[in-house]
Structure formats: structure tokens, C-alpha cells
Amino acid sequence: MADVRPIIDEVTPVEAFRIMREDPGTVLIDVRTRAEWAFVGMPDLDALGREVWPVEWAVFPTMAPNPNFLAELSGRMTGPRPGRMFFICRSGARSMAAAAATGEAFARRGIAVHCTNVAEGFEGDRDREGHRGRVNGWKHRGLPWRQN
């Protein structure tokens, strides 16, 4: 088998949304917890005619790694494999880990994938007062999102 290497990179939320708008072969995987999805909100891709794939990287409240992450992610791929997978979390750390792990797992199976971290995440970095959503991130950049 040839040596397969994944593409793992990072873009801003605005760039991610632009690429997803232009390329229907992309998906957005929200790796935050169920609690975050429910109480903080989620990106909204309705304008693109797509849904966000919620797959926990770590499980609330213990934040233990989700042992079923790759199986759950693979289970969402019912059609053709996405050409590019974007990963988002609160501020970009968990999603970078998820993007790297996903890319490496597919590469071990001989499948090259393009995994992109959404830098800044959904809520972004903390400001000087310790609050998120005021400095950067998906929500701060004015991208579509919704809350239950």
C-alpha cells in the first residue's frame, strides 16, 4: 500500500464558511459536547442546504475522550466521503486534535482526507475579563448560528 498522508490544516471561521459555500463536497463537524450544543448554540448551515454533524470529541461532564468518535463520524458518512472535513469546537483546540486524529485514522486505512480545523472555534478566545464571544470565533464573526 502506498504511503498515504492526510492534509491537516487550519482556516478562520469566515474562510471556512466561504469554502463550504463554494464547495458542496464539504462538511462541518462540531466536536463540542451535547451540553455546549444545547446551551451555547451551533453553527447553522441551512443557507448552504446542509446540516452540521455533531460528534462529541470528549464526553460531558467528565470530558473523557469519546471512544466511539471515529465510529460515530464514519456512521454519518452514508454517501460519498466528503472532499474536505471542517472541525469546530469552542476555541479551536479540541477540533484541531479531532482533525489530526481523523486524518491519521483514515491514512492508516489508505484513504487520503483533507481535515481542516476552524481556528478560533465557535465561541473564540477569552477577552481580558474572561468572557468568550467578544474577541473572535464563529459567533463573533457574524456567521449563521442557532440556539435550541
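This is a predicted model: local features need pLDDT of at least 70, side-chain atom pairs count only at pLDDT 80 or more; totals for chains, interfaces and linings use all residues.
Reader: What share of the accessible surface of the chain belongs to carbon and sulfur atoms?

Author: The share is 51%.

Reader: Which pattern does the chain follow along the sequence?

Author: The order is β-α-β-α-β-β-β-β-α-β-α-β-β. That makes 4 helices and 9 strands.

Reader: Why is the chain called as compact as a globular protein of its length?

Author: Set the value against the rule. The radius of gyration is 15 Å. For 148 residues, the globule rule gives 15 Å.

Reader: What part of the chain is buried?

Author: Buried residues make up 47% of the 148 residues. To count as buried, a residue needs a relative accessible area under 20%.

Reader: How many of the contacts with a separation of 6 or more join residues 24 or more positions apart?

Author: Such pairs account for 67% of those contacts.

Reader: How far apart are the mean positions of the positive and negative charges?

Author: They are 1 Å apart. The chain has 20 positive and 19 negative charges.

Reader: What makes the peptide bond from Phe-60 to Pro-61 cis?

Author: Look at omega. For this bond, omega is near 10°, and the bond is cis. Most peptide bonds are trans. Pro-61 lies in the loop between strand E5 (58-59) and strand E6 (64-65).

Reader: Why is Met-63 called partly exposed?

Author: Its relative accessibility is 36%.

Reader: Where is Glu-120 found?

Author: Glu-120 is in the loop between strand E8 (114-118) and strand E9 (145-146). Glu-120 has a positive phi of about 80° and is not a glycine.

Reader: How do you know whether Glu-120 is buried or exposed?

Author: Check its relative accessible area, which is 16%. Buried means under 20%. The value is under the cut-off, therefore Glu-120 is buried.

Conventions:
Residues are numbered from 1 along each chain as its sequence is written. Side-chain values use heavy atoms; hydrogens and water are left out. Helices (H or I, at least four residues) and strands (E, at least two) are DSSP runs, numbered from the N terminus. The radius of gyration is taken over C-alpha atoms; the globule rule is 2.2 Å times the number of residues to the power 0.38. Buried means under 20% relative accessible area, exposed over 50%, partly exposed in between (1.4 Å probe, protein chains only). Contact means heavy atoms within 4.5 Å. Accessible areas come from the Shrake-Rupley method with a 1.4 Å probe; for residues, only the protein chains shown count as cover. Lys and Arg count as positive and Asp and Glu as negative; His and the chain ends are not counted. The place of a charge is taken as NZ of Lys, CZ of Arg, CG of Asp or CD of Glu.
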